[in-house]
Amino acid sequence: MRLILLGAPGSGKGTMAADLAREYQIPHISTGDIFRQNIKANTPLGQEANQYIQNGALVPDSLTIAMVADRLEQADCQRGFLLDGFPRTVAQAEALAELLEKRQLRLNAVIELELSDESILSRLSGRRVCATCGRTYNIDSCRPKQDGICDICGGTLYQRDDDKPETIRQRLANYYRQTLPLSDYYEQKNILVRINNEGEVGSSLPAVLSALKERS
Ligand code: AMP
């Protein structure tokens, strides 16, 4: 199964991606996570990407596309993959199409998670992430049992630098300007599945699985 997840920051892509990766036994490839790992390890890629990420800007296509091309070469992608946070521009989508075409592969579906701006702002500003296992919580709607501590692994919860209000606004503006055109792009290719993700975390998974049944 080869899938893309689209949706504004905070629309629930991370949770949905983890569920789908488990369901289809495919790697969950989050470009944001790969950048953050590189920043933490202080690699040249991380140093370069960090300046953009801190400002809520997109990392340039050339860097991002090369990084994803490299990731898709790895053996675990033979069963398929789920891309989360990539593509984010039409140029990235075209580069991906070219990459797949060369290997005579096709995407099964592009899932777009829809959510109002109001819900997005509240989800992002309340989001806390486990520094150890990456699980996400929300101080309003999905609190850990003990404040600041991950229920699963006991790791410390933190707020991502780019989840601060000024950066959130910038990220949303980027999304509408650069990434929203991707839904038209994939709709024209007849592979877009739109899912309303306003409900409880995880509640729209059955709708996604049923849409994917026809596309596997
Ligand atoms: P995310 O975790 O997906 O919200 O990504 C965090 C940040 O990483 C974004 O705000 C961008 O700065 C950068 N980033 C992640 N994916 C991409 C991409 N496909 N293209 C450019 N920048 C990206």
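The legends below describe close-up views of a predicted model.

Local features are given where pLDDT is at least 70 and side-chain atom pairs only at pLDDT 80 or more, while totals for chains, interfaces and linings use all residues. Residues are numbered from 1 along each chain as its sequence is written, and side-chain values use heavy atoms, with hydrogens and water left out.

**View 1. The largest cavity has a volume of about 60 Å³.**
The count is one cavity of 30 Å³ or more. A cavity is a set of points, on a 1 Å grid over the protein atoms alone, where a 1.4 Å probe fits but cannot get out; lining residues have an atom within 4 Å of a point. Grid points are joined across faces, edges and corners, and the volume is the space filled by probe spheres set on the points. The lining of the largest cavity consists of Leu 5, Leu 6, Gly 7, Ala 8, Pro 9, Lys 13, Gly 85, Pro 87, Arg 88, Tyr 175 and Thr 179. Strand S1 (2-6) and helix H7 (165-179) are the elements that give two or more residues to this lining. Helices (H or I, at least four residues) and strands (E, at least two) are DSSP runs, numbered from the N terminus. By class, the lining of the largest cavity has six nonpolar, three polar and two charged residues. Ala, Val, Leu, Ile, Met, Phe, Trp, Tyr, Cys and Pro count as nonpolar, Asp, Glu, Lys and Arg as charged, and the others, Gly among them, as polar.

**View 2. A cis peptide bond joins Phe 86 and Pro 87.**
Omega of this bond is about -5°. Pro 87 sits in the loop between strand S3 (81-84) and H5, and Pro 87 is also one of the residues that line the largest cavity. Most peptide bonds are trans.

**View 3. The second largest pocket has a volume of about 190 Å³.**
A pocket is an open set of grid points with protein on both sides within 12 Å along at least five of seven lines. Its lining includes Ala 93, Leu 96, Ala 97, Leu 100 and Glu 101, together with Leu 105, Arg 106, Leu 107, Tyr 185, Tyr 186, Lys 189 and Ile 191. Helix H5 (90-102) and helix H8 (181-188) each supply at least two residues of the lining; H5 gives the most, with five residues. The lining of the second largest pocket has nine nonpolar, no polar and three charged residues.

**View 4. Helix H4 (residues 61-72) packs with H5, their axes coming within 10 Å and crossing at roughly 30°.**
Axes are lines fitted to C-alpha atoms, for helices over the stretch in contact, and angles run from 0 to 180 degrees between N-to-C directions. H4 and H5 are therefore roughly parallel to each other. Angles under 35 degrees count as roughly parallel, over 145 as roughly antiparallel, 65 to 115 as roughly perpendicular and the rest as oblique. H4 passes H5 in a right-handed crossing. A crossing is right-handed if the near helix is turned clockwise from the far one by less than a right angle, and left-handed if anticlockwise. From H4, Asp 61, Thr 64, Ile 65, Ala 69 and Leu 72 meet Ala 91, Gln 92, Ala 95, Leu 96 and Leu 99 of H5, where contact means heavy atoms within 4.5 Å. Seven of these residues are nonpolar, two polar and one charged.

**View 5. Helix H1 (residues 13-24) and helix H9 (residues 205-213) pack at an angle of about 45°, with axes 11 Å apart.**
This angle makes H1 oblique to H9, and the crossing is right-handed. H1 contributes Met 16, Asp 19, Leu 20, Glu 23 and Tyr 24 to the contact, and H9 contributes Leu 205, Val 208, Leu 209 and Leu 212. Seven of the contact residues are nonpolar, none polar and two charged.

**View 6. Helix H6 (residues 117-125) and H7 pack at an angle of about 135°, with axes 11 Å apart.**
H6 is thus oblique to H7, and H6 passes H7 in a right-handed crossing. Asp 117, Ile 120, Leu 121, Leu 124 and Ser 125 of H6 are in contact with Ile 168, Arg 171, Leu 172 and Tyr 176 of H7.

**View 7. Asn 42 has a positive phi, near 55°.**
Asn 42 is found in the loop between helix H2 (31-40) and helix H3 (44-54). Most residues other than glycine have a negative phi.
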